[in-house]
Amino acid sequence: MPLLSLMLVLAGAVPQAPSAPGAPAVASPREARDVLLRRELAQVALAQLQTVDPAWHPAQRDCAGLVRFAYRAAHRRFFPERLARPLWADGRGAPSEFADAETLLTRSFVSLGREEAALEAVRTGDLLAFRQEQDAGPVFHLMLVVRPEDKAHAPARVVYHPGEQGAAVRTGVLRTLATEAPIEWRPVPQNTAFLGFFRFKEWMP
């Protein structure tokens with residue numbers, strides 16, 4: 001699906017109130033807010049594929065930087081009062097404006113698992129995470145999931161920055177990674193570098 005079409009689909013993903021008795025229950029204020037946050041997060045992430053927002057500082061343009069930037073932008077639009085305190089936690093668990101990929105995973109996100117059930121459950125704003133062993137030590141890599149609330153409209157995608165200075169933001173279909181990516185980047189249980197899927201702690205029940 002073209003990115004513009006996907007953005008239009010996401011733009012329509014707003015919870016609706018029931019129009020007659022017996023209709024589904026109205027979304028709670030928190031649920032409605034979180035849908036708006038997810039929608040805006042997706043729009044921000046996808047927009048970086050076309051033109052990188054100058055507000056995203058060049059020194060922070062890496063995989064974790066994309067996560068931090070998209071989350072802050074979404075909260076700034078629909079839940080600005082939350083930004084009165086940092087979104088993230090540092091390695092000791094204290095509030096922090098900055099967190100690298102490993103610290104985001106361990107302090108601000110919760111594991112959903114590595115199996116097929118987790119893949120089916122992912123929503124926009126969730127993370128796909130890898131840990132690659134290198135001579136200088138482990139390197140963590142994050143990809144943001146973008147998925148319309150109605151899964152029939154478009155497949156789940158990932159949006160990510162590859163980490164190299166000056167590199168462009170990239171995207172791909174999530175399920176395609178499982179069969180076409182190099183083995184070390186496949187989100188399958190057989191890949192020991194695949195850490196699984198993760199969700200922002202504040203979006204957990």
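Because the model is predicted, local features are given only where pLDDT is at least 70 and side-chain atom pairs count only at pLDDT 80 or more, while totals for chains, interfaces and linings use all residues. Residues are numbered from 1 along each chain as its sequence is written, and side-chain values use heavy atoms, with hydrogens and water left out.

## Overall make-up

The protein chain contains six helices and eight strands, where helices (H or I, at least four residues) and strands (E, at least two) are DSSP runs numbered from the N terminus. Read from the N terminus on, these elements follow the order α-α-α-β-β-α-β-α-β-β-β-β-α-β. Of the 205 residues in the protein chain, 44% are buried; buried means under 20% relative accessible area, exposed means over 50%, and partly exposed lies in between, with a 1.4 Å probe and protein chains only. The accessible surface of the protein chain comes to about 10600 Å², and carbon and sulfur atoms account for 55% of that surface; such areas come from the Shrake-Rupley method with a 1.4 Å probe, and for residues only the protein chains shown count as cover. Among contacts in the protein chain between residues at least 6 apart in sequence, 58% join residues at least 24 apart, a contact being heavy atoms within 4.5 Å.

## The sheet and the helices on it

Six strands form an open sheet in the order β3-β8-β4-β5-β6-β7, and their pairing is antiparallel; two strands pair if DSSP finds at least two bridges between them. The edges are taken by β3 (109-113) and β7 (170-173), each of which has a single partner strand, so one side of each is left without a neighbour in the sheet. From one strand to the next, the twist averages 35°, with axes taken as lines fitted to C-alpha atoms, for helices over the stretch in contact, and angles running from 0 to 180 degrees between N-to-C directions.

Strand β4 (residues 127-134) pairs with strand β5 (residues 137-146) in the antiparallel sense over eight bridges, and within this pairing A129 stands opposite L142 in β5. Helix α3 (residues 63-78) packs on the sheet, where it touches β3, β4, β5, β6 (157-160) and β8 (194-200), and its direction makes about 35° with that of β5. Helix α4 (residues 101-108) lies across β3, β4, β5 and β8 and runs at about 65° to β5.

Strand β8 is mostly covered, since six of its seven residues are buried. Four bridges join β8 to β3, the two running antiparallel, and here V110 has R199 in β8 as its bridge partner. Strand β8 also pairs with β4 in the antiparallel sense over four bridges, and L127 has F198 in β8 as its bridge partner.

## Salt bridges

The structure holds 11 salt bridges, each defined as a side-chain nitrogen of Lys or Arg within 4 Å of a carboxyl oxygen of Asp or Glu.

| Pair | N to O distance |
|---|---|
| E202 and R82 | 2.6 Å |
| R123 and E149 | 2.9 Å |
| R131 and E133 | 2.0 Å |

In the pair of E202 and R82, which form a salt bridge, E202 lies in the segment after β8 and R82 in the loop between α3 and β1 (88-89), so the pair ties together parts that are 120 residues apart in sequence. R82 is buried, with a relative accessible area of 5%, whereas E202 counts as partly exposed at 30%.

The side chains of R123 and E149 also meet in a salt bridge, and this pair links distant parts of the chain, with R123 in the loop between α5 (116-121) and β4 and E149 in the loop between β5 and β6, 26 residues apart. R123 is partly exposed at 28% relative accessibility, and E149 is partly exposed at 38%.

In the remaining listed pair, R131 is partly exposed at 31% relative accessibility, while E133 is exposed at 55%. Elsewhere, R30, R33 and D34 are linked in a network of salt bridges.

Q132 is found in strand β4 and counts as buried because its relative accessible area is 13%. A polar atom of the Q132 side chain lies 2.9 Å from the backbone oxygen of E184. Not counting residues up to four places away in sequence, Q132 touches G137, P138, V139, E184, W185 and A193.

Methods:
A polar contact is a pair of N or O atoms within 3.5 Å; within protein, one must be able to donate a hydrogen and the other to accept it, and residues adjacent in sequence count only if both atoms are side-chain atoms.
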